[in-house]
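Colleague: I have a structure open and would like to go through it with you. Can you show me what you are looking at?

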Amino acid sequence: MEPRAVGVSKQDIREQIWDHMESQNLADFPRPVHHRIPNFKGSYLACQNIKDLDFFARTQEVKVDPDKPLEGVRLLALQSKKTLLVPTPRLRTGLFNKITPPPGATKDILRKCATSQGVRNCSVPIGLDSRVLVDLVVVGSVAVSEKGWRIGKGEGYADLEYAMMVSMGAVSNETPVVTIVHDCQVVDIPEELLEEHDITVDYILTPTRVIATGCKRPQPMGITWSKISREMMEKIPVLRSLRAREQQAGKDVTLQGERQHLPEPGRQQAVPLSAGRRPPDTAGPEASSMEAASGSPPEEGAPLAADVYVGNLPRDARVSDLKRALRELGSVPLRLTWQGPRRRAFLRYPDSAAAQQAVSCLQGLRLGTDTLRVALARQQRDK
């Protein structure tokens, strides 16, 4: 089915899908499907298709949403002895629950563990300090396009869960995202409906098809605090913990409706690491945002040693290549200033100790065939 194109909204597409599934009797319990991720007839068959994805056999830790139509994937993950992580309902008591079947669990017991009741009764909470590295993300959808654009039920929890996993370092832009839907839920979605915080999908599984979307749109690179309301902060305690961490790290955590801190007139802005798109490779304004590292007076109160110089960048390197390498090494800066034409970048860390630790961590870092030069920015300037 195809949504009406003129002036279509996300909610229009949701209502059209829900109405169609109800009128054509395509849904199983619970019904009606309105305001839900629809549990469609043939969901278990669609879930079986995940075994056809090469990377599924290699995954160790799988995050699967608690929606009813994803029950088959949760069961497969448990049968394959993978670590199964399921978000807590509405994130009220944390982010993840780890499903822990009893020793020697039979298939029937595993099947119960894969249900919403099993998630409640056979799981342990996973804290923010847990070293979780999710290999695969499986989300429910109301609608999805073959290009990878996704529409959920409108509450934003799947997008927020992904953003929180990014903040924890649990996923990267390379982590595959899979959704499982009925064939009628695969529709055209106008790209202009997508927002910065929306996740996209790499694979769509239906009862009859496995669709590789080839989606190149970057995933959200962290929590967009300006989209978070005070009400959400009150309802989701784990958000408060993450905000405190990011605030301590020097990130902008201005909430929706709060007064934002504006830069001083004439002050250039550095490129945040959370930016999803590559800045222009020109020696323009972005090249001067950390002139303190290359000889001009530093920003007031900011120690020069908090900046790390990265040189000898390959001529064809992209800022996304460096960001990915920093995330993989667990050395994410507060901000990154890219000076591609000059084959260098500057990384800002909260203090000199963090900068020195980053220098040690990044020694020997390679992009392609080139080994990068890494040093404290002050040392580089002195040279």
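Modeller: Of the 383 residues in the protein chain, 49% count as buried. Buried means under 20% relative accessible area, exposed over 50%, and partly exposed in between, with a 1.4 Å probe and protein chains only.

Colleague: What should I know about the model and the numbering?

Modeller: This is a predicted model, where local features need pLDDT of at least 70, side-chain atom pairs count only at pLDDT 80 or more, and totals for chains, interfaces and linings use all residues. Residues are numbered from 1 along each chain as its sequence is written, and side-chain values use heavy atoms, with hydrogens and water left out.

Colleague: How many helices and strands are there in the protein chain?

Modeller: The protein chain has 11 helices and 16 strands. Both are DSSP runs numbered from the N terminus: helices are H or I with at least four residues, strands are E with at least two.

Colleague: Which order do the 8 strands of the open sheet take?

Modeller: The order is E4-E3-E2-E1-E5-E8-E9-E10, with mixed pairing. Two strands pair if DSSP finds at least two bridges between them. Strand E4 (123-126) and strand E10 (210-212) are at the edges with a single partner strand each, so one side of each has no neighbour in the sheet. On average, neighbouring strands of this sheet are turned by 25 degrees against each other, direction ignored. For angles, axes are lines fitted to C-alpha atoms, for helices over the stretch in contact, and the values run from 0 to 180 degrees between N-to-C directions.

Colleague: How many bridges join E3 to E4?

Modeller: Strand E3 (residues 96-99) is joined to E4 by 4 bridges, and the two run antiparallel. Asn 97 has Pro 125 in E4 as its bridge partner, and Ile 99 has Ser 123 in E4. E2 and E3 are also antiparallel, over 3 bridges, and Pro 87 has Phe 96 in E3 as its partner.

Colleague: Which helices pack on that sheet?

Modeller: Helix H3 (residues 71-79) touches strand E1 (61-64), strand E2 (83-87), E3, strand E5 (136-139) and strand E8 (177-180), and its direction makes about 150 degrees with that of E2. Contact here means heavy atoms within 4.5 Å. Helix H6 (residues 157-168) lies across E1, E2, E3, E5 and E8, at about 150 degrees to E1.

Colleague: Changing topic. Where is Thr 59?

Modeller: Thr 59 is in the loop between helix H2 (43-48) and E1.

Colleague: Is Thr 59 buried or exposed?

Modeller: Thr 59 counts as buried because its relative accessibility is 3%. A polar atom of the Thr 59 side chain lies 2.7 Å from the backbone oxygen of Phe 56. Leaving aside neighbours within four places in sequence, Thr 59 is in contact with Lys 82, Asp 135 and Leu 136.

Colleague: And the 4 strands that form an open sheet, in what order are they?

Modeller: They go E12-E13-E11-E16, with antiparallel pairing. Strand E12 (335-339) and strand E16 (373-376) are at the edges, each with a single partner strand, so one side of each lacks a neighbour in the sheet. The twist averages 20 degrees from one strand to the next.

Colleague: Which helix lies across E12 and E13?

Modeller: Helix H9 (residues 319-328) does, running at about 145 degrees to E12. Helix H10 (residues 352-362) packs on the sheet too, touching E11, E13 and E16.

How values were computed:
A polar contact is a pair of N or O atoms within 3.5 Å; within protein, one must be able to donate a hydrogen and the other to accept it, and residues adjacent in sequence count only if both atoms are side-chain atoms.
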